[in-house]
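The sequence and structure come first.

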Amino acid sequence: MNRFRLSERGAERLSISVLLAPAVAVIVLLFLGGLASGFLRSLNYFPLIGLNDFNFDAYFAIFTDNGFLQSLVLTFHIAFTSTLIASILAVASALLLRPAFRGKRIVHFFFSLNLTIPHLVGAIGVLYLFQNSGLVSRIMTGLDIIQRPADFPAMVFDPWAIGIIIQYVWKEIPFIGVIVLAILLSVGEDYESVARSLGANRWQAFRQVTLPLIMPGVVSASVIVFAFTFGAFEIPYLLGRTFPAALPVLAYQSYTDVDLAARPQAMAMAMVIAFISTLLIMAYMKLSRVYIRE
Amino acid sequence: MTQVTLSGLTKIFDQKSPPAVDNLDLEIESGKLTALLGPSGCGKTTTMKMIAGLLRPTAGDILFDGDSILSIKPEERGAVMVFQNYLLFPYMNIADNIGFGLKMRKVNKKEIRSRVQDMLDLVQLPGFEDRKPNQLSGGQQQRIALARALIVQPNVLLLDEPLSNLDAHLRDEMRVLIRRIQTEMGITTVFVTHDQEEAVVLADKVALLFDGRLQQFDAPDSFYDTPNTVDIATFFGGTNFIPGYYLDGTITTDIGVFDAPNSLVPEGDAVLSIRPEAVDLGEGGENSVSGTVLSHVYAGRYARFQIRIGDIEIEAVTEPGQVKLFADGDNIPVKFDPDKIWVLGPNTAEQPAATTG
């Protein structure tokens with residue numbers, strides 16, 4: 001009887017493995033395979049172009065290269081600043097959108113509209129608006145706020161990556177905001193009412209009660225945004241400086257370099273990006289698990 | 001101690017539907033325990049939220065000790081509300097939950113700690129400081145919610161269905177605890193309930209609301225002995241109704257004419273009400289008619305009879321000794337104690353909600 005049950009369970013397990021096989025194959029071949037071959041190449045193993053010796057030269061090269069370190073700092077700056085600003089503004093907008101008001105559905109529609117607009121379109125929009133010959137610059141010239149369009153402060157291709165950050169903030173506010181709004185609505189206003197009734201003013205009720213309740217959602221949404229902005233290529237490519245460039249741009253430049261010897265370095269950079277993203281996701285999962293346990 | 005006056009208090013959520021609270025006048029006595037009683041959706045909780053400042057009235061006024069508090073922010077009213085589902089802050093431990101109100105008032109940590117201890121003793125849960133709300137049972141969470149409200153020494157304590165989420169045993173315990181704390185601290189307390197028994201057992205005075213309108217505001221026993229309307233008597237249950245015509249202390253019905261010296265209604269169509277306990281079986285004379293026993297149930301300390309009189313069926317509850325005397329089908333005299341007959345007006349909607357006492 002017992003044995004029969006075991007074999008039944010074994011059969012079940014087997015059928016689950018068979019059913020999962022196609023999905024697992026895709027993940028193993030495309031994702032892990034790609035990662036593994038990238039990793040091997042970053043270790044200077046690339047027989048196709050005559051590299052056969054394993055070594056850490058590429059890692060050594062990039063971490064001693066001032067340009068790479070500048071790129072790393074710039075990439076952190078872009079990801080951190082845009083995530084922080086987007087998160088704060090998203091929470092603020094979610095709070096504004098929470099109460100019932102006339103025309104709420106229309107406002108809500110416009111709020112989440114740019115979730116559907118591709119990043120590239122947003123980047124071109126930023127370009128048209130904020131470059132020296134852009135719309136904002138020309139309007140300000142027309143209003144005599146600045147003398148000539150050239151006086152407009154550099155906001156694209158600028159050292160502080162302002163244009164990139166504007167684009168990310170614009171794009172990610174509704175992403176975080178929609179998540180936070182859903183959490184706010186499910187938490188309800190009663191906890192805040194309790195706090196107010198016990199003597200908390202509006203700010204205290206928000207700071208001590210609402211914020212801690214929505215924080216897990218804010219954190220999970222913003223980790224996703226951080227990981228994305230850290231590894232995304234197209235926006236810094238379109239709106240950023242060529243030097244220092246954001247890491248994904250630098251990796252791409254190295255990869256497409258005429259010098260094939262730069263390939264292992266490009267792969268090493270990709271590995272660094274992947275490693276940092278993985279670290280972040282693990283930290284996030286750990287944090288959220290701790291929070292749920294509480 | 002604070003006296004709370006509601007004056008013409010009205011709340012309209014949606015122009016298309018009737019008001020949630022409709023022109024409510026109520027005088028909640030200082031230091032007393034007052035129940036807001038009514039079926040669900042009658043505006044009890046809405047009234048309470050307006051007192052706490054969590055909802056803005058559409059019209060009318062709320063006064064604490066004679067002064068309007070409508071312009072005072074909820075956190076400054078000193079009217080603390082305890083919600084039905086407790087709503088302890090899930091990410092805080094019990095000590096931080098109880099101490100929340102004091103922390104908001106910037107009381108120093110040492111004092112908060114000692115007053116939290118006092119509160120835990122008061123609600124009989126000492127040693128619970130470091131636990132998290134989800135480690136507590138419903139009854140314990142309820143007590144912590146109460147402690148969290150009491151620690152700020154509110155002028156008015158507002159309890160929303162304080163007993164409804166608890167099982168029968170805990171409910172009795174909680175009832176005793178609330179009564180004891182309320183008496184000791186003398187806080188003006190309002191609690192909302194849909195359970196008339198809970199209201200009667202716990203409250204000094206009961207305000208009965210139907211559809212946002214005050215029906216009767218009285219001492220608990222009045223709702224049984226002298227209800228204002230048939231609806232109220234029906235809500236409290238267990239009464240016999242016999243339609244008739246009232247004139248000068250006498251009500252004439254299809255089954256006979258009865259003296260009803262205590263009644264206050266004007267001449268006209270009326271309803272005789274008499275509680276099953278006030279029906280005396282087997283007694284003749286004044287105010288008695290003849291009836292037939294339809295069925296009976298012996299329930300230990302008493303017996304319950306269904307009696308047919310003419311075309312009307314009534315219920316009577318008796319002392320156990322009398323069970324032997326009547327069998328189903330017996331014809332017996334049935335007497336209505338004139339002092340216990342209460343005559344109600346015919347149409348409940350047109351009767352003004354008198355506030356007596």
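## Helix 8 of chain A

Gly199(A) follows helix 8 of chain A and has a positive phi, near 115°. The model is a predicted one, and the values below are computed from it. The buried residues are Tyr191(A), Glu192(A), Ser193(A), Val194(A), Ala195(A), Arg196(A) and Ser197(A).

## The contact between chain A and chain B

Between them, chain B and chain A bury about 2000 Å², and 61% of this area lies on carbon and sulfur atoms. Three residues, Glu75(B), Tyr91(B) and Met104(B), supply 31% of the area that chain B buries against chain A, more than any other three residues. In residue terms, 26 residues of chain B and 19 residues of chain A take part in the contact.

The polar side of the contact can be counted as well. There are 8 residue pairs in polar contact between chain B and chain A, with both residues at pLDDT 80 or more. The number of salt bridges between the two chains is 2. One salt bridge joins the side chains of Asp190(A) and Lys49(B), at 3.8 Å from N to O. On the side of chain B that touches chain A, at least two residues each come from helix 2 (74–77), strand 6 (79–82), helix 3 (94–104) and helix 5 (138–150). Helix 3 of chain B gives the most to that side, with 4 residues.

## Chain B as a whole

Chain B holds 9 helices and 20 strands. Its C-alpha trace spans about 75 × 45 × 35 Å along the principal axes. Of the 357 residues in chain B, 52% are buried. The chain exposes about 16100 Å², with 48% of that area supplied by carbon and sulfur atoms.

How much of the contact within chain B joins residues at least 24 apart? Among contacts between residues at least 6 apart in sequence, the share is 68%.

Leu170(B) sits in helix 6 (residues 168–185) of chain B. Its relative accessible area is 24%, so Leu170(B) counts as partly exposed. From Leu170(B) to Asp211(B) there are 41 residues in sequence, and the C-alpha atoms are 30 Å apart in space.

Pro261(B) lies in the loop between strand 13 (256–259) and strand 14 (268–274) of chain B. Leaving out residues up to four places away in sequence, Pro261(B) touches Gly249(B), Pro338(B) and Asp339(B). Glu283(B) is 22 residues from Pro261(B) along the chain, with 20 Å between their C-alpha atoms.

## A nonpolar patch on chain A

Ile16(A), Leu20(A), Val24(A), Ile27(A), Val28(A), Phe31(A), Leu32(A) and Leu35(A) make a nonpolar surface patch of about 700 Å². Phe31(A), one of these residues, belongs to helix 1 (residues 2–42) of chain A.

Is Phe31(A) buried or exposed? Its relative accessibility is 52%, and the cut-off for exposed is over 50%, so Phe31(A) counts as exposed.

Technical notes:
Residues numbered from 1 in each chain as written. Chains lettered and ligands numbered in written order. Predicted model: local features only at pLDDT ≥ 70, side-chain atom pairs only at ≥ 80, totals over all residues. Heavy atoms only, no water. Patch = residues over 30% accessible without salt bridge, like charges linked within 9 Å, V, L, I, M, F, W, Y side chains within 5 Å. Areas by Shrake-Rupley, 256 points an atom, 1.4 Å probe, with all protein chains shown as cover. Salt bridge = Lys/Arg side-chain N within 4 Å of Asp/Glu carboxyl O. Buried < 20%, exposed > 50% of the residue type's maximum accessible area, 1.4 Å probe, protein only. Contact = heavy atoms within 4.5 Å. Buried area = accessible area lost by both parts, 1.4 Å probe. Polar contact = N/O pair within 3.5 Å; in protein donor to acceptor, adjacent residues only side chain to side chain.
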